[in-house]
Each structure stands twice: as C-alpha cells, then as structure tokens.
Amino acid sequence: MKRNRIFVTRRIPEAGLEMLKEHFEVEVSPLDRDLTRDEILQMTAGAQGMVSMATDSIDKDCLNRLSGIQIIANYAVGFNNIDIDYAREKGIVVTNTPGILTEATADIAMALILCVARRIVEGDRLVRRGDFKGFYPTFFLGVELENKVLGIYGLGRIGKAVARKAVAFGLRILYHDVEPLDRESPDFPADYVSFDELLRKSDFLSIHVPLNDETRHRFTRKEFERMKDTAFLINAARGPIIREEDLVYALENRLIAGAGLDVYEFEPKVHPGLIGLENVVLLPHIGSAASEVRERMSLMVADNIIAFFQGKVPPNRVN
Ligand code: DGY
C-alpha cells in the first residue's frame, strides 16, 4: 500500500524522524535554513502531512496554496505562525508540542532574571576585557532577589513553573491573566492583580502569554511609563508582545532598569538599539533548546501525525 508522505521543513532530532519513518515516506528539507514561502509550497507538493517550525509563516495565502496537506504538526508549543482557524476551515488539522518544554523555558526565564539582577553577562564581558581590578565594596552592584516582586504576565503552564522556581529564590509572586486561577489551586504561591497593578508593583516582570491579537504590542512606551524605574522586563515568550522600538526608548531613558530577552519582534533581527546597551541580556531564542526537550518534541510531533493517519484525534490538536 502506498505510504503517506510527510515533509519536515527543518531537521529535527533523529528519534522523531525514525518514528515517522516506520509509518511514512519522510522527507526533510535538504536546505539547512528557514524556507521561503515558495520553497515550502514546492517541497510539500505530493505530501499529506507536514512538520513545521515556529519560523515558518503558514498564513491564509500559504494555506490556500498548500495542496494535499491534511495535518501540520508544529514543532513548537506556540502556534502563532499558523492561521489555525483558517486551517480548520480548510480541513487541515494543526498540532503543537505543549508541556514537555515547560520546565526548560521556565529555566531560561529564571536565568534571565538572575542575569539582569546580578549583571552576570555584563560581569563576564568586563572580566574578558581585562577590566577586573579587584574586589571593593561598591564595585559592580546589582540587586538581590529576596523579597522582590516577580510579576508574571500569563499564568499558564510556563508562568506557573516560573512562579514555583522563583519562590525558591525568595521572590514574591503577583500575576495577571485573562482570569484568576481557579479555586482548585488555593495554595499556589501567587496573587492575582490587575494588569495595571502588575506594571506598577513588579520589580521583575516576566511575560508568559501566547502571541495573539490581544497580546501583540501589549508592552509599549505607555506601559513602560507605568513600571518602576528600577524594574526589569523579561521575555521568553514571543517577541512581538513588546514593541521593541519602545523598549529601546524605555531602556535608553531609564524608564525601566533593564531587560532580559530570549525573543525579538522581528526575529532573527534584533533592534540595533538593544545591541549596545549594557542593561539588557540577549539570548538567541533558546527557551526549549535542551537536547532532551528537543528530542521529546520530535517524538510528540511524530505521535500526533501517526495518530492522525490512524484515524484518531491527535493528542495535541489545537484547532
Ligand atoms: C516554542 O516551542 O514555542 C518555542 O518558542 C520554539 O519556537
């Protein structure tokens, strides 16, 4: 019997590919880079399933021109790169990879908090430049975490994991989300506040919401003006939640004290204004970049595609 064909837009860990190969003809893009729209369309011709990356923009136009694809398994928990409602209208199932990257992404948010508070990356640069002239009491002061307020914007899986880890560092947790936590978790160490209070009270404000029409540009100059001038903004979610130009303004004009970023508005481009600033830590979108996690993600996309072609509802269907 003819096997279904699955196209993978960028090499993923072997474990998932092997699993897919047991059931399907699998083709991985031979180009070791993001694909253009035309390349995606050409390379998916004749395929029934596709593994996409968060960097592949699968909008209405792309969906209209993808012929024969029945399932798109996104190799990411975020799926803002795919128009999932339109995909549903076109009868295309979309899946993601939730849960398995929660702790790793929360670790990166905590790493950014520690880095900006204690000026870790800046200190490393100073030592390498040969500028470490010895200890003295007022040298290279940062701020401690104990008893500071961590505001979490978006208390989903990742936001909750950050809260749990942050409590161990002595941080007090406030959060804002579309609605307060349900009553099943009365002991969760976080207090619900309005978005405005979150801005005004946070010493560290960490973003953990998905990118959508409500959250795009949720942080602009107006929000920075309401934050403490000693506060640090952390983003390991999606870049366009922050208007990057306004963040540069806020940092240059000390509306806030600093920022730790793993994601960017126009990724992989980083606003040139961020590059020269000492009070920002810039990571290259590595929230889920732990080898165990990336392997589990590859198995999860395979599971979803296999379930779909076995006539079942894929476990991580999002539309
Ligand atoms: C995710 O899974 O959403 C990560 O940010 C990778 O895109």
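User: Hi! How far apart do the C-alpha centres of domain 1 and domain 2 lie?
Analyst: The two C-alpha centres are 31 Å apart. This is a predicted model, where local features need pLDDT of at least 70, side-chain atom pairs count only at pLDDT 80 or more, and totals for chains, interfaces and linings use all residues. Residues are numbered from 1 along each chain as its sequence is written, and side-chain values use heavy atoms, with hydrogens and water left out.

User: Where are the domains in the chain?
Analyst: Domain 1 covers 5-100 + 291-309, and domain 2 covers 102-282. Those bounds come from an automatic or database domain assignment.

User: And how many residues are in contact between them?
Analyst: 9 residues of domain 1 are in contact with 5 residues of domain 2, where contact means heavy atoms within 4.5 Å.

User: Nice. How many salt bridges are there between the domains?
Analyst: The count is 0; a salt bridge would need a side-chain nitrogen of Lys or Arg within 4 Å of a carboxyl oxygen of Asp or Glu.

User: New topic: which residues are around the ligand?
Analyst: They are Ala-54, Ala-76, Val-77, Gly-78, Leu-101, Arg-238 and His-285, each with a heavy atom within 4 Å of the ligand.

User: What about Val-77?
Analyst: Val-77 uses its backbone: a polar atom there is 2.7 Å from an oxygen atom of the ligand.

Methods. Polar contact = N/O pair within 3.5 Å; in protein donor to acceptor, adjacent residues only side chain to side chain.
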